[in-house]
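Thanks, everyone, for making the time. I would like to walk through a few local features of one chain, taking them slowly and keeping to what can be read off the atoms.

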Amino acid sequence: MTSDFADLVSSLDLPAKVRLLTGASAFTLAPEPAIGLGEMRFSDGPTGVRGLKFTGGRVVALFPNATLLASAWDEDAAHEVGRLLAEEAMAQQIHVVLGPTINLHRSPLGGRLFEAYSEDPLLTGRLAAAYVRGMQEAGVAACLKHLVANESETERNTMNSVVDEATLRELYLLPFEIAVEEAGAWSIMAAYNNVNGQAATEQRHVNNDIVKGEWGYDGLIMSDWFATKTAAPAANGGLDLVMPGPDGPWGAALVDAVKAGEVDESVIDDHLARLLLLASRVGALGTPREWPAQLPAPSSHVRKEQLTRLAAAGMTVLKNAGDTLPLDRQQTVALIGRHAVETIDMGGGSAQVNPPYQVSALEGLSALLGDKVSVVDGVDVRTRPVPARGGFLTAPSNGQAGIDVTIYDAEGNELERRFCGLAKTMIGMDDDFAGRPASARLAGIVEASGQVELGVLGVGAWSTSASPDFTLAASGNGFGEEVLTPPYRTFVVDSPGSLLFEATVSFEEMGLYGLVGTMASRETVDVIDDAVRAAAAADVAVVVAGLTEEQETESVDKSTLRLPGAQDALIEAVAGAARRTVVVVNAATPVLMPWLPRVDAVLWAGLPGQEGGHAVAAALLGDIEPAGRLVTTFPSADEAAPAWSVTPVDGDLRYDEGTYIGYRGHFAGKAPSPAFWLGHGLGYTTWEYSDVRLVLGDAPSITATVTNTGRRRSREVVQVYLRPVERDQPVRLVGWKAVTVEPGESARVTVHTDRRMWRTWNAEKGEWGRLADGGEFLVARGLGDIRATVS
């Protein structure tokens, strides 16, 4: 490793070497002309390549979220997503995209699960490997995150994940291993949390012994942003790069540690050599990279087709009584719910991007059905306001949806003016001002008449045109609260139809600032009454319900799987009045469905990205088959999951369920039967399985004939699970194969099982062993619909 760049490394003195191992800014690395090293640029990227600004940056494409993409169970689709994200990166001259997120869905309460693929390590790893290949074939580095045992957000910066070695290796490290082995991911991100008492950024055992040692990993391990707390322990613990910069715990402290003999300079040389290898791979070392001149714009017809298709293909039909779906185009539709008019297309936190638009389910269905669609806005779904959406506020400078922000220093000198299409902006993190920002003026025009709710969000002293002065402060209960969940205040005022709303804030530290604007809330009973009348008058009622970025976000875990607000009551009332009721679940992760027996169909739609409404409409009408299969088991009730708690006790979060997470634990009887199993999904046809056979080998295969017994061309996902003969080993997914078949036709399918799923970690010997011969293969459409058992 080091020898490949030995001459370049040895040409620098120690301070110069160390300087390159901390970011130069929030999302860049420093160049070093003496060795031909150019600037490297990083960007968050789970659902779009945001760019160098945390918020309010360049307009970029918003992709469907990870669980929705993963629900296609399609490695080709994952490869395509990687390629498209590479295009989005190259359009901004970004070298490293900080994704995919490949932590597992240990507990359904995890707030950040929407960024990660699945509860299953094999499914996660193989999809991640395909994504990485698609991205890195274009010369853009992927970054696997977050290493490791980082499955919840509560106390995430201080908590200690307590995980036994077998569970760590067989479950939580396996997706990283697969993506390294099969795709050679060029970078990995170390998490915030501790693992078995040691910080992830200082994890000698994981970073050095396993990843760089056993796996022979030649890539770079960087820290999550602000995760590194030490100099010598982190440098010796396998961390190669500290982010962000320019300040951090390394610098002079690491130079001093080397001089004091606490860190050998060869360790620094290895870190730098890995950084130079990354630079050479992405075209930042030697001859500067030539970036493509023409790439699809975020709002281009090319992107619209790609993002609509990818979103709709992952949507999953959970129930479909009486062939309610797909909808008949001649039917009248009562479209009901806050998520219908304000569809949630992305989660919260660092996964958020600045899209060109976000299509609602109302817009999507209306475009295809016209006046056959009537709409009723639903009950409130949030407990805290969000920056104004959908043109409710427009910027005085240009009349576009959003706000104007002017930033000043302490003397009142203007530093910058900016238009913010998302009605919010970050100040003080990724800016390049001539002076230090101290205050800002935010302005937007309300385009509505009647009672409206206005407000502000952000830490500081506020003065607004609609309220007395006040101060907002962070609660101190969460890491990064000023950026991820800033405090807010709102007030109801009467708007004559066009009202200028201005606010000025003074602040001391960086933070997220924005204006809130929406119509004032109505009484729940009145909303439900309107919905019932509309449902009774239509041929079919479609209720769009779900979660918001309050529940599906970085830094916060859920406390329940119940739908927020009075959405359950709304669905129950509509189901009692409508001829037929369809529920579209606009959420990335499991929700409880107490109304399930009383509705006719349920379509799980995830967080579908900027084309979300078009994708929902295409799936409901059958223009694109929603052939998805669940990637997470849906519990039947709160706490009815093998792993539930995400709250550390005395700082420790114990993974006591071991390898029995999700479907593995349910199948073993460690939790009640779920509402829906991993792998469940009906599509728009029916299937028969026949002639199922076992083909022996080091990793056996299963062959089966599948017949499409329905009336539509459809895609089936043949899943194979292994039930080991050992009683202390859980059932596990060992392979799958998808096939598309015309109605009345059959296809012969071969599922190759993955050799890695036959391993088991022997803690006494400290090595891998192999499961005993025997056991059974379960050939299934999800574990709730097993079609054949092969011994």
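Predicted model: local features only at pLDDT ≥ 70, side-chain atom pairs only at ≥ 80, totals over all residues.

Let me start with Arg274, which is buried, with a relative accessible area of 6%; buried here means under 20% relative accessible area, exposed means over 50%, and partly exposed lies in between, with a 1.4 Å probe and protein chains only. Residues are numbered from 1 along each chain as its sequence is written, and side-chain values use heavy atoms, with hydrogens and water left out.

The partner of Arg274 is Asp270, and their side chains meet in a salt bridge at 2.9 Å, N to O; the term stands for a side-chain nitrogen of Lys or Arg within 4 Å of a carboxyl oxygen of Asp or Glu. Asp270 is buried as well, with a relative accessible area of 19%. Both residues lie in helix α11, 4 residues apart, about one turn of the helix, where helices are DSSP runs of H or I with at least four residues, strands are runs of E with at least two, and both are numbered from the N terminus.

Since Glu265 lies in helix α11 and Lys17 in helix α2, the pair ties together parts that are 248 residues apart in sequence. Glu265 counts as partly exposed, at 32% relative accessibility, whereas Lys17, at 4%, counts as buried.

A further salt bridge, of 2.9 Å from N to O, joins the side chains of Asp240 and Lys212. Asp240 sits in the loop between α9 and α10 and Lys212 in helix α8, residues 204-214, so that distant parts of the chain, 28 residues apart, are linked; both residues are buried. By the same rule the count comes to 53 salt bridges, and a network of them links Arg112, Glu115, Glu153, Arg156 and Glu554.

Which residues of helix α10 are buried? In this helix, residues 251-259, they are Leu254, Val255, Ala257 and Val258. Seen down the axis of α10, they fall within an arc of 160 degrees, taken from the directions from the helix axis to the C-beta atoms, so they line one face of the helix. They pack against α2, α9 and α11, with contact meaning heavy atoms within 4.5 Å. The face turned away from the buried side carries the exposed residues Ala252 and Lys259, and just after α10, Gly261 takes a positive phi of about 85 degrees.

Finally, consider Glu151, in the loop between β4 (141-147) and β5 (160-162). Glu151 is buried yet has no salt bridge, and the nearest side chain of opposite charge, Arg106, is 6.4 Å away; Lys and Arg count as positive and Asp and Glu as negative, while His and the chain ends are not counted. What Glu151 does have is a polar contact of 2.8 Å with the side chain of Tyr655, the term meaning a pair of N or O atoms within 3.5 Å, where within protein one must be able to donate a hydrogen and the other to accept it, and residues adjacent in sequence count only if both atoms are side-chain atoms. A polar atom of the Glu151 side chain also lies 3.2 Å from the backbone nitrogen of Leu104.
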